[in-house]
Amino acid sequence: MVKAIVGANWGDEGKGKITDLCAETSDITVRFQGGANAGHTIINEYGRFALHQLPSGIFHENITNIIGNGCALNVASLMDEIASVKKAGVRFKLLISDRAQIVLPHHVRLDEYEEERLGKRAFGSTKSGIAPFFSDKYSKMGLQVWELYNDELLMEKLEMMYEKVNVTLEHLYKKPPIDHTEVFKTLKGYAEAIRPYKADTGSFLRKAVKEGKNILLEGQLGTLKDTDHGIYPYVTSSSTLAGYAAVGAGIPPYAIKDVLCITKAYSSAVGEGPFVSEIPDPDEAEELRKRGGDKGEYGATTGRPRRVGWFDTVATRYGVQAQGATEVCLTCLDVLSYLDEIPVCVGYEYDGETYGDFLTTDKLYKSTPILKRLPGWSCSIKGIRDYDSLPKEARAYVEFIENEIGVKISMVSNGPSREDIIYR
Ligand code: GDP
């Protein structure tokens, strides 16, 4: 059975924890998209980890973990991650697609310089090189893993590549050029570092699908950061949708039987862009921010404070529909226990009209949230394992959201640890 775990919103919905949980019954976990620019937080018996590129099944010795062809492979940062899990005593199986593309030194630099150039109009990039990486990939100027092992071709390609890159560096950004022979040396180091893991993961996965193995496809970010369906241009540069999982892993689209979409009991977002249900009052926002997640709502990769808001039924209904969700997990319900009343965004007001459908970016910027206040439960719900034992207000909150988004909420997460989960 192939299951995709993806985000319904802006990312940081708690996918890491749920993937870690679902990984227990999987044979294979796969990262199919994204790169080192975002992270999952996983808390387990080995400690607390911010995983950026390693699949969440990494903590289970019997699971094969795959970094698929759809990923932006940052070798240096992957090696740091591997070192950190090894240091914690984790034994793991990892395969890296020989068709995955490599993040190159100029991608990171161009990302930084472009944000600098844009100034006030910057996108709030994490500066991990993702946008320049995908530009190069789709203009056929990128490097797939297999290309690292042919010295002659590699040197030739780098020479051609940096001829162009250096024009941009020197003339557009007024920065020093890059010596392609230095990049060659770095890449030969990368080639050796990933040699033990390099594999034809597409054929490995297609065979596993035929054999009926349990495969988890693990998404990064969420619908609203998808290049096509998100809040363009405040999006990431690759698709965050379950539909892309087939491409980014190399399996048939019809193999994906279950799309488990993760959404949080409130909203959070990083970077620029419209965020209709954002809490305008800084103190009220800070209250939620510091109580959110397991250590407050601060980026797993960047440490940046996340923007926070109330649950948005309009954005999330759109989010689960674009993902093709077959079930939903609602996380961080415990975080809202401090509130007497919980505001929920149930519609957008734009230009005097009320909307229940998600809008394009220009209109989102001018929309205001229509808030409904639901009664809070005002007590701790941590440690509850059985849905019926939740306070009736908490159940009403879950059921209200389920009704609004139109997809069954099959799991409720009420704490950061693996055990903090309620199945319905
Ligand atoms: P991801 O990128 O979707 O995996 O999300 P992150 O890992 O960046 O953010 C989710 C944060 O919420 C992490 O700090 C998790 O440990 C934490 N978390 C996940 N589920 C719950 C939950 O049900 N309750 C609380 N309090 N924290 C949770």
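## Charges over rings

Let us start with a charged side chain and a ring: Arg291 lies over the face of Tyr338, at 4.2 Å from the ring centre. A charge sits over a ring here if NZ of Lys or CZ of Arg is within 6 Å of the ring centre and within 35 degrees of the ring normal.

## About the model

This is a predicted model, in which local features need pLDDT of at least 70 and side-chain atom pairs count only at pLDDT 80 or more, while totals for chains, interfaces and linings use all residues. Residues are numbered from 1 along each chain as its sequence is written, and side-chain values use heavy atoms, leaving out hydrogens and water.

## Rings that pair

Rings of Phe, Tyr and Trp (its six-membered ring) pair if their centres lie within 6.5 Å; planes under 30 degrees apart count as stacked, over 60 as edge-to-face and the rest as tilted. By this rule there are 11 aromatic pairs. One of them is the tilted pair of Trp10 and Phe275, with 4.8 Å from centre to centre and 45° between the planes. This pair links distant parts of the chain, 265 residues apart. Trp10 is in the loop between strand E1 (2–7) and helix H1 (15–23), and Phe275 in the loop between strand E12 (267–269) and helix H9 (282–291). Helices (H or I, at least four residues) and strands (E, at least two) are DSSP runs, numbered from the N terminus.

Trp10 is buried at 4% relative accessibility, and Phe275 is buried at 7%. Buried means under 20% relative accessible area, exposed over 50%, and partly exposed in between (1.4 Å probe, protein chains only). Trp377 and Tyr397 have ring centres 5.9 Å apart and planes at 65°, so their pair is edge-to-face. Elsewhere, ring pairs join Tyr46, Phe49 and Phe59 into a cluster.

## Around the ligand

Which residues come nearest to the ligand? Of the 21 residues around the ligand, they are Lys15, Gly16, His40, Asp294 and Ser413; a residue counts as near if one of its heavy atoms lies within 4 Å.

Polar contacts (pairs of N or O atoms within 3.5 Å) can be found here too. A side-chain N or O atom of Asp334 is 2.8 Å from a nitrogen atom of the ligand. A polar backbone atom of Glu13 is 3.0 Å from a ligand oxygen atom, and a backbone N or O atom of Gly415 lies 3.1 Å from an oxygen atom of the ligand. The protein covers 97% of the 580 Å² of accessible area that the ligand has on its own (Shrake-Rupley method, 1.4 Å probe).

Notes. A polar contact is a pair of N or O atoms within 3.5 Å; within protein, one must be able to donate a hydrogen and the other to accept it, and residues adjacent in sequence count only if both atoms are side-chain atoms.
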